[in-house]
Amino acid sequence: MKKKVAILTQKGSLSRDIQTDTKVNIFDIENEEVSGVEQIVLENTSNNYFSLLMALKKVSMVYVDSINSDLKNILLKIGITTKCKEDIINDKFINGFIFD
């Protein structure tokens, strides 16, 4: 099964919301293995820009330290799940990464 997930980072750690120095790391996953990676530095940190970018990139899940409820709701409405720091303790994919 193919899917795309995004990990939002800042200075080597999961990003707290989206800010000007947030990097969006998009992983193509096929059969539980990473088959491609793309990194985007956000030009615009508005909720609308970010949610549209995720939709255009066909991302199905976003990993982030924390996210504002408005953005979380927008993403949910367009079919994108978010996992925050407290939700990823036993997550197989994200635990493959080392964060500060």
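This is a predicted model: local features need pLDDT of at least 70, side-chain atom pairs count only at pLDDT 80 or more; totals for chains, interfaces and linings use all residues.
Within strand E1 lies Thr-9, which counts as buried because its relative accessibility is 11%, under the limit of 20%. The side chain of Thr-9 is joined to that of Asn-25 by a polar contact of 3.1 Å.

Helix H1 spans residues 47-56, and its buried residues are Phe-50, Ser-51, Leu-53 and Met-54. Viewed down the helix axis, the buried residues of H1 fall within an arc of 155 degrees, and they therefore line one face of the helix. This arrangement may be read against the geometry of helices in general: an α-helix has 3.6 residues a turn, so residues three or four places apart point the same way. The face of H1 that is turned away from the buried side carries the exposed residues Asn-48 and Leu-56. On the buried side, the residues of H1 pack against strands E1, E3 and E4, against strand E5 (61-63), and against helix H2 (69-77). After H1 comes Lys-58, which has a positive phi near 60 degrees.

The largest nonpolar core comprises 18 residues, and those with the most contacts inside it are Ala-6, Leu-8, Val-24, Phe-50, Met-54 and Val-62. At least two residues of this core are supplied by each of E1, E3, H1 and H2, and the largest share, 3 residues, comes from H1. In soluble globular proteins, nonpolar side chains tend to be buried together. The surroundings of Leu-8 can be listed in some detail: beyond residues up to four places away in sequence, Leu-8 touches Ser-13, Leu-14, Ser-15, Ile-18, Thr-22, Lys-23, Val-24, Phe-50, Val-62, Tyr-63 and Val-64.

Aromatic side chains also pair, and the count comes to 2 aromatic pairs. In one of them, the ring centres of Phe-27 and Phe-93 are 5.7 Å apart and the ring planes stand at 75 degrees, so the pair is classed as edge-to-face, for which the angle must be over 60 degrees. Ring pairs link Phe-27 and Phe-93 with Tyr-63 into a cluster.

Asp-91 is likewise located in the segment after strand E6 (81-83). With a relative accessible area of 8%, Asp-91 is buried, and its side chain makes a polar contact of 2.7 Å with the side chain of Lys-83. When residues up to four places away in sequence are not counted, Asp-91 touches Tyr-63 and Lys-83, and Tyr-63 is in turn one of the residues in the aromatic cluster.

Key:
Residues are numbered from 1 along each chain as its sequence is written. Side-chain values use heavy atoms; hydrogens and water are left out. Helices (H or I, at least four residues) and strands (E, at least two) are DSSP runs, numbered from the N terminus. Buried means under 20% relative accessible area, exposed over 50%, partly exposed in between (1.4 Å probe, protein chains only). A polar contact is a pair of N or O atoms within 3.5 Å; within protein, one must be able to donate a hydrogen and the other to accept it, and residues adjacent in sequence count only if both atoms are side-chain atoms. Contact means heavy atoms within 4.5 Å. Rings of Phe, Tyr and Trp (its six-membered ring) pair if their centres lie within 6.5 Å; planes under 30 degrees apart count as stacked, over 60 as edge-to-face and the rest as tilted. The arc is that of the directions from the helix axis to the C-beta atoms. A nonpolar core is a set of buried Ala, Val, Leu, Ile, Met, Phe, Trp, Tyr and Cys residues joined through side-chain atoms within 4.5 Å.
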